[in-house]
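Me: I have a structure to go through today. Could we take it step by step?
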Amino acid sequence: GWRQWWKGNQQWKLARRLQALAADSITSIPLYAGYLLPAPHLVCIGPNILPQATNRLPPPGAPRLFFCFANRLTETVLLAFQYWQRRQAVRLLVAGKCDPATTRQLQHWVHTHQLAEAVTLMGVLPAPELAAYLQQASVVLQPEPLYHHHQGGISAKNGTLAAAWAAGKLVIATQGDMTDTRIFRHGHNCLLVQQNELANWQEA
């Protein structure tokens, strides 16, 4: 809507003013580079979770582990996970900080959809423990908001994505206008969901 447009316009003006004061500039999103002259250098953000060696690998025959951060998890993704669970042995680990209202909402969704035995809400974890759980997971879910005209989506400014790739994990993420398909290659280094609809996530 117009509020999103106004916010984006103000951010663009601020970026132009800052660029005029700087000797050089960088961005991790090619879309943004097209808004500025001279174009900033493109630099991907590094991992915000450092990979660590761990012996805590799932035993043979254990359910396949999925990982998602609490501030990204939506009811749609939970329902897609429920769909996958009916077809294979999977568990979902949810980590990270969110406000009390969001925590209650997540707990409500897990209870309502009878996923208590398959979904673990772990909250905030120490960095080594978080890295260990990420290492155990097979798949990292990274749903991203999409706005008017497909604005948003996964981008190279995402440190969690970089951490997942550094750990060698399959990433399932939302594609939008911020998603550079030169970096995000569907079917090669990630699976991209075109819309945050249940059918799209189920088919990922």
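Me: What percentage of the 204 residues in the chain do buried residues make up?
Reply: Buried residues make up 39% of the 204 residues. Buried means under 20% relative accessible area, exposed means over 50%, and partly exposed is in between, with a 1.4 Å probe and protein chains only. Please note that this is a predicted model, in which local features need pLDDT of at least 70 and side-chain atom pairs count only at pLDDT 80 or more, while totals for chains, interfaces and linings use all residues. Residues are numbered from 1 along each chain as its sequence is written, and side-chain values use heavy atoms, with hydrogens and water left out.

Me: How many helices and strands does the chain have?
Reply: The chain has seven helices and eight strands. These are DSSP runs numbered from the N terminus: helices are H or I with at least four residues, and strands are E with at least two.

Me: And how compact is the chain?
Reply: Its radius of gyration is 18 Å, close to the 17 Å that the globule rule gives for 204 residues, so the chain is as compact as a globular protein of that length. The radius is taken over C-alpha atoms, and the rule is 2.2 Å times the number of residues to the power 0.38. Along its principal axes, the C-alpha trace spans about 55 × 40 × 35 Å.

Me: What share of the contacts comes from residues 24 or more positions apart?
Reply: Such residues account for 68% of the contacts with a separation of 6 or more. Contact means heavy atoms within 4.5 Å.

Me: Let us turn to α6. Which of its residues are buried?
Reply: They are Gly159, Thr160, Leu161, Ala162, Ala163 and Ala164. Helix α6 covers residues 159–166, and six of its eight residues are buried, which leaves the helix mostly covered.

Me: What do those buried residues pack against?
Reply: The buried residues of α6 pack against β3, α5 (127–136), β6 and β7 (170–174).

Me: Which residues does Ala164 contact?
Reply: Leaving aside neighbours within four places in sequence, Ala164 is in contact with Leu134, Val140, Lys169 and Val171. Ala164 has a relative accessible area of 1%, so it is buried. The C-alpha atoms of Ala164 and Val140 are separated by 6.7 Å, although the two residues are 24 apart along the chain.

Me: You mentioned Leu134. Where does Leu134 lie?
Reply: Leu134 lies in helix α5 and counts as buried at 5% relative accessibility. Not counting residues up to four places away in sequence, Leu134 touches Ile49, Phe67, Val140, Ala163, Ala164, Ala167 and Lys169. Leu134 and Ile49 are 85 residues apart in sequence, while their C-alpha atoms are 8.8 Å apart in space.

Me: Next topic. Which residues of α3 are buried?
Reply: In helix α3 (residues 75–85), the buried residues are Val77, Leu78, Ala80, Phe81, Gln82 and Trp84. They pack against several elements, including β3 (64–69), β4 (90–95) and α4 (100–112).

Me: How many disulfides are there?
Reply: The count comes to zero, where a disulfide is a pair of cysteine sulfur atoms within 2.5 Å. For Cys44, the nearest cysteine sulfur is that of Cys190, 12 Å away. The sulfur of Cys98 is 11 Å from the closest cysteine sulfur, in Cys68, which is too far for a bond.

Me: Now the backbone. Which peptide bond is cis?
Reply: The bond from Leu37 to Pro38 is cis, with omega near -5 degrees. Pro38 is placed in the loop between α2 (30–33) and β2 (41–42).

Me: What is the phi of His149, and what is that of His150?
Reply: His149 has a positive phi of about 60 degrees although it is not a glycine. His150 is not a glycine either, and has a positive phi of about 65 degrees. His149 is exposed, with a relative accessible area of 65%, whereas His150 is partly exposed at 26%.
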